[in-house]
Amino acid sequence: MPDTPSARDLMTLRAAALDEYRSGRVDRRTLLRYASAIGLGSICGVIRPASATPASAPAAGTASASASSPAPGPAAPGRPTPLIRVAGLTPAGAIDPLTISDPASVPLLNQTCDYLADDDELGRLIPSLATAWKPNARGDVWTFTLREGVKFHDGQILSAKDVVATFDRLTDPASGSAALSVFRGVLAKGNTKAVDARTVTFHLDAPNGSFPYYVSSDNYNAVILPASYTGGFEKSFIGTGPFRLENYQPRRGATFVRNPGYWGPPAIPERVQFSFYADAPAQLLAMQGRQADVMPNLAVLGGLSLLNNPAFKVLSIKSSSHRQIHMRCDQGPFVDKRVRQALALSLDRDVITRGLFRGRAQLGNDSPFAPVFASTDTSVAQRHVDLAQARQLLAQAGVGNGFAVTLTTERFQEIGDLAVLVQNAAKAIGIAITLRVESQGEYYGAATFGKSDWLDSPLGITDYGHRGIPNVFLSATLASGGAWNAAHFRDAGYDRLVSDYVGALDLPSQRKSAGKIQRLLLDQTPVAIPYFFDALTATTANVQGVRFTAISQLYLQRASLVE
């Protein structure tokens, strides 16, 4: 059995977290997110008055507490609802938990499958197939306890061997797993162990204070499948979830029916129907024509017809979704950090955010530390537009007369509009940008260096979806050798700071390392991140009980139609 934190260790972590809260350095919401991840469930009774949480809300910080049901959405009537209809986008390819990476596929998975833990609306981790988790004293071994009596749709009982097999698939370099970029340097194949039928240990490559997020719904590939699974997911959609597959037709739609053997409360809808549409305008027409009740992943600019219509409700949650403007640090004019700083200083983030998101976004500060993250150091000064300083920096770098460069990006949501705004901002300081807006297939190419406009372009804009912690953004996009390091940024000091951040078990240590990273990135500016935008889901006004995450899961088991 791995060593576990001593009572003194736990008391130290608990005291540090409460000190952060009582001093006003973190709010209650942030403290609960941290407590849920590290397994400090006992912290809740200290900070929550009896009247502070509505009776219908999930218990906060329950990482080390038993839970008998998934987190409920808003209160819904007990009367069954025959059908909930979803207007979804057409999945990019086969629905395979191992390989999916598109937001259209993610909500299909979580109708029939579960994760070890789920994000709730506050970004906390709450028990699902796991009822408890805790690290050892170093944070390099995490122990998870599984829920008893959970059945897969074919009647098999969930056990530790299923969890081991799931994560061995996801971490196998030969599997084609989309989660390899998440687990690289974190968890290797063969290092997930079954202690007994209900206990699993993860032996990590290095200490990691936020590891539970890697095996939760924050990693959309990490649904738990039977150890006997060998492929062909679309034929069965086998899992432990609240619905079972009734019918799946590629490029057309899917229908799921209530799972009578579900381990939690039975789903309110008898049936959930997904219809696939080619693009957002088609989804919007389906909603407006009352052919659908729910539309996930609503974009602000394209969805104004629903945002301003009382016949619809728009649900919103804060997220870390953002756009990275990368500048290649290894060639061309952006080798000089002053040129990179100048371009970042030309951006009027307030104007960009208001124009593109109508207030449903937060300012970015050129690092992946979003306001939603508990560890973000909010004392770091926000970068604002400063054209005079930008011109001065260009002159100091020897390009005071400006230069020309091509910005390459993808045709996706508001990115084309952002590219035009960047082009206009750069023009004001003498940088002439030519835009090259490509299809996503053209832009990403083979997604490997030397074979991808994304990774090879001198200047580009890339979309990054939500994560509950910044670890993947920090390592994959900016660390030396990172698989998504389009800026070709290499800094040994940065790499050490990221290692310190990832290994920290207490919130003050995480925030201390985060502040150093944020300041280093403001100085070096390999990327500009102008905003982090909210995740939106639209429903018709008569729908209640829908829950969703910023990473595209859609929880419909508590959804109902009201008259």
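**Helix packing and nonpolar cores in a predicted model**

Good morning. I begin with helix α10 (residues 337-345) and helix α18 (residues 507-524), whose axes come within 7 Å of each other and cross at roughly 100°. An axis here is a line fitted to C-alpha atoms, for helices over the stretch in contact, and angles run from 0 to 180 degrees between N-to-C directions. Helices (H or I, at least four residues) and strands (E, at least two) are DSSP runs, numbered from the N terminus. The helices α10 and α18 are therefore roughly perpendicular to each other. For this wording, angles under 35 degrees count as roughly parallel, over 145 as roughly antiparallel, 65 to 115 as roughly perpendicular, and the rest as oblique.

Please note that this is a predicted model, in which local features need pLDDT of at least 70 and side-chain atom pairs count only at pLDDT 80 or more, while totals for chains, interfaces and linings use all residues. Residues are numbered from 1 along each chain as its sequence is written, and side-chain values use heavy atoms, with hydrogens and water left out.

As for the chain as a whole, it holds 18 helices and 24 strands. Of its 563 residues, 57% are buried, where buried means under 20% relative accessible area, exposed over 50%, and partly exposed in between (1.4 Å probe, protein chains only). Among contacts with a separation of 6 or more, 71% join residues 24 or more positions apart; contact means heavy atoms within 4.5 Å.

Let us return to α10. Which helix does α10 cross at roughly 160°? The partner is helix α12 (residues 387-396), and the two axes come within 8 Å. That angle makes α10 roughly antiparallel to α12. The crossing of α10 and α12 is left-handed, meaning that the near helix is turned anticlockwise from the far one by less than a right angle; clockwise would be right-handed. On the α10 side, the contact is made by Arg338, Val339, Gln341, Ala342 and Leu345. On the α12 side stand Leu387, Gln389, Ala390, Leu393, Leu394 and Gln396. These contact residues of α10 and α12 divide into seven nonpolar, three polar and one charged. In this count Ala, Val, Leu, Ile, Met, Phe, Trp, Tyr, Cys and Pro are nonpolar, Asp, Glu, Lys and Arg are charged, and the others, Gly among them, are polar.

The next pair is α17 and α18, whose axes come within 9 Å and cross at roughly 155°. This makes α17 roughly antiparallel to α18. Here too, α17 passes α18 in a left-handed crossing. Residues in the contact include Tyr494 and Leu497 of α17, and Ile517 and Leu520 of α18.

I turn now to the nonpolar cores. A nonpolar core is a set of buried Ala, Val, Leu, Ile, Met, Phe, Trp, Tyr and Cys residues joined through side-chain atoms within 4.5 Å. In soluble globular proteins, nonpolar side chains tend to be buried together. Of the 102 residues in the largest core, Leu116, Phe167, Phe202, Phe211 and Tyr494 touch the most other members. Helix α17 (residues 492-503) supplies the largest share of this core, five residues. A second, separate core has 47 residues, including Met287, Met295, Ala342 and Val399.

Finally, is Leu418 buried or exposed? Leu418 is buried, with a relative accessible area of 0%. This residue lies in helix α13 (residues 415-427). Not counting residues up to four places away in sequence, Leu418 touches Arg323, Ile352, Leu356, Ile461, Pro530 and Tyr531.
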